[in-house]
Amino acid sequence: MSKGVAITGMGIISAIGNNVSENYTALINEAKGISRISKIDTIHKDAIMVGEIDFTNNELAGLLNLPANNNYSRTAMLGAIAAKEAVKNAGITKISKYKTGLISSTSVGGMDMTEKYYYEYLEDTRKQKYIESHHAGDATQKIAEQLGIKQSLVTTISTACSSAANAIMLGARLIKSGELDRVIVGGKDCLSKFTINGFKTLMILSDTYNTPFDENRKGLNLGEAAAYLVLESDKVVQAENKKVLGYVKGYGNANDAYHQTASSENGDGATLAMQQALKVANLQPSQIDYVNAHGTATANNDLSEGRALLRVFENNVPDFSSTKAYTGHTLAAAGAIEAVYSIFAIQNNVVFPNLNFKTQMKEFAITPQTDFKYKPVNTVLSNSLGFGGNCSTLIFSKNQ
């Protein structure tokens with residue numbers, strides 16, 4: 001069994017950058033990736049703002065050297081690019097040298113291609129190849145093929161917006177138990193009409209930049225992204241003399257069983273998830289230096305999460321902020337995107353600002369960090385709160 005769960009590699013592509021370096025630079029420069037829709041032909045393109053990745057599908061396929069007749073969804077291509085960067089970043093040259101698994105997450109799967117060719121499937125048999133890439137597991141399998149993972153655990157998690165956080169949690173548990181020596185964990189989701197229409201129906205999309213934890217918040221900006229971490233055991237780290245970026249210290253998952261698309265007003269699920277993560281990490285609330293909040297800028301989420309923070313930390317809520325004002329809400333990828341940003345915070349001893357904040361919420365007195373704050377950051381708690389009440393918390397640390 002492994003005592004620690006080391007993070008030795010990261011990969012990411014989002015609306016603010018196409019790799020790890022670009023994402024960090026954008027965060028430091030307060031460069032928001034939120035704009036009007038340009039790549040999807042939707043009736044809502046002028047009514048909402050989103051976090052789009054600049055690359056077209058053809059450009060993504062070119063980056064992966066895919067043949068012209070490939071049946072990759074945009075979700076799969078984004079995931080493959082981020083996962084391959086993570087593996088390269090970890091210095092892995094022979095993926096099969098240790099027991100290596102892949103736990104990948106998504107909510108939209110291959111829906112972008114399904115909806116694009118839906119009316120053509122019966123008339124054009126060439127388009128039917130995308131039917132096979134519709135299901136959530138297809139993108140995971142394609143990523144496994146890209147990485148060369150053949151005879152090990154390869155699985156998909158889809159628990160809405162907590163998906164990637166749950167992938168990281170499962171990967172950490174597999175490392176700790178000794179089932180695997182190395183796991184690539186994370187998530188990916190692309191924008192699609194399906195998700196835009198669904199969230200539009202819920203009336204929680206903003207027509208301007210999202211404003212997490214602001215009294216006048218209007219809703220979220222959807223985003224597309226992918227991010228992966230390489231988790232490795234003590235054995236691998238020591239044998240390979242690996243550089244460790246940080247550690248997965250704690251994790252927790254709970255469900256408040258309140259509503260299909262809303263969190264309980266008092267944040268029951270988030271409270272339980274944070275308490276469990278602290279217990280697993282063997283940390284006191286006072287030992288958390290920064291909270292990367294879920295912070296979607298919806299009326300329900302920010303109220304629920306804020307109350308949960310007060311329940312867990314009482315009168316000593318740490319510096320907290322939401323980074324979704326940079327990237328938009330990337331759904332199943334969010335937990336992995338924010339895991340990368342949490343490691344950035346630890347590596348650079350910085351708390352990222354909660355952009356766009358202007359007015360204090362009237363329900364409580366806690367205020368997000370609105371400017372860069374440089375201080376020792378040894379532990380970061382990151383929340384990912386999903387539909388169906390599925391709430392997950394991860395704790396990252398500088399030391400084992």
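Reader: Which residues do ring pairs link into a cluster?

Author: Tyr24, Tyr341 and Phe344 are linked into a cluster by ring pairs. The model is predicted, so local features need pLDDT of at least 70, side-chain atom pairs count only at pLDDT 80 or more, and totals for chains, interfaces and linings use all residues. Residues are numbered from 1 along each chain as its sequence is written, and side-chain values use heavy atoms, with hydrogens and water left out.

Reader: What counts as a ring pair, and how many aromatic pairs are there?

Author: Rings of Phe, Tyr and Trp (its six-membered ring) pair if their centres lie within 6.5 Å; planes under 30 degrees apart are stacked, over 60 edge-to-face, and the rest tilted. By this rule the count comes to 8 aromatic pairs. One of them is the edge-to-face pair of Tyr24 and Phe344, at 5.2 Å centre to centre and 65° between the planes. Tyr24 belongs to helix α1 (residues 20-28) and Phe344 to helix α12 (residues 334-348), so this pair ties together parts that are 320 residues apart in sequence. Tyr341 and Phe344 form a stacked pair, with 6.0 Å centre to centre and 20° between the planes. Both of these residues lie in helix α12, 3 residues apart, which is about one turn of the helix.

Reader: How are helices and strands assigned?

Author: They are DSSP runs, numbered from the N terminus: helices are H or I with at least four residues, strands are E with at least two.

Reader: Are Tyr341 and Phe344 buried or exposed?

Author: Buried means under 20% relative accessible area, exposed means over 50%, and partly exposed is in between (1.4 Å probe, protein chains only). Tyr341 and Phe344 are both buried, with Phe344 at a relative accessible area of 3%.

Reader: How do I read a salt bridge, and how many does the structure hold?

Author: Look for a side-chain nitrogen of Lys or Arg within 4 Å of a carboxyl oxygen of Asp or Glu. The structure holds 17 salt bridges. Take Asp181 and Lys235, whose closest N and O atoms are 3.2 Å apart. Asp181 lies in the loop between α6 and β6 and Lys235 in helix α8 (residues 234-240), so the pair ties together parts that are 54 residues apart in sequence. Asp181 is buried at 10% relative accessibility, while Lys235 is partly exposed at 47%.

Reader: Which residues does Asp181 touch, not counting residues up to four places away in sequence?

Author: Contact means heavy atoms within 4.5 Å. With that sequence exclusion, Asp181 touches Tyr98, Lys99, Ile175, Leu231, Glu232, Ser233, Lys235 and Val236.

Reader: Where do Glu215 and Lys362 lie?

Author: They form a salt bridge, with the closest N and O atoms 3.2 Å apart. Glu215 lies in the loop between α7 (193-201) and β7 (225-232), and Lys362 in the loop between β11 (350-351) and β12 (373-374), so the pair ties together parts that are 147 residues apart in sequence. Glu215 is partly exposed, with a relative accessible area of 23%, and Lys362 is exposed, with 66%. Salt bridges can also share partners, as in the network that joins Glu120, Asp124, Arg126 and Lys127.

Reader: What separates Asp138 and Lys142 in helix α5?

Author: They are 4 residues apart in helix α5 (residues 136-147), which means a separation of about one helical turn.

Reader: Over which ring does the charged end of Lys142 sit?

Author: A charge sits over a ring if NZ of Lys or CZ of Arg is within 6 Å of the ring centre and within 35 degrees of the ring normal. For Lys142 the ring is that of Tyr72, with the charged end 5.3 Å from its centre. The charged end of Lys32 sits over the ring of Tyr209, 4.1 Å from its centre.

Reader: Which strands pair with β14?

Author: Two strands pair if DSSP finds at least two bridges between them. Strand β8 (residues 246-255) runs antiparallel to β14, with 8 bridges joining them, and Asn255 stands opposite Asn390 in β14. Strand β13 (residues 379-385) also pairs with β14 in the antiparallel sense, over 7 bridges, and Thr379 has Ser397 as its bridge partner. β13 and β14 form a hairpin with 4 residues between them, and Gly388 in the turn has a positive phi of about 75°.

Reader: Which way do the side chains of β14 point?

Author: In a regular strand the side chains alternate between the two faces of the sheet. Asn390, Ser392, Leu394 and Phe396 point one way from β14, and Cys391, Thr393, Ile395 and Ser397 the other way. In β14 (residues 390-397), 8 of the 8 residues are buried, so the strand is largely enclosed by the rest of the structure.
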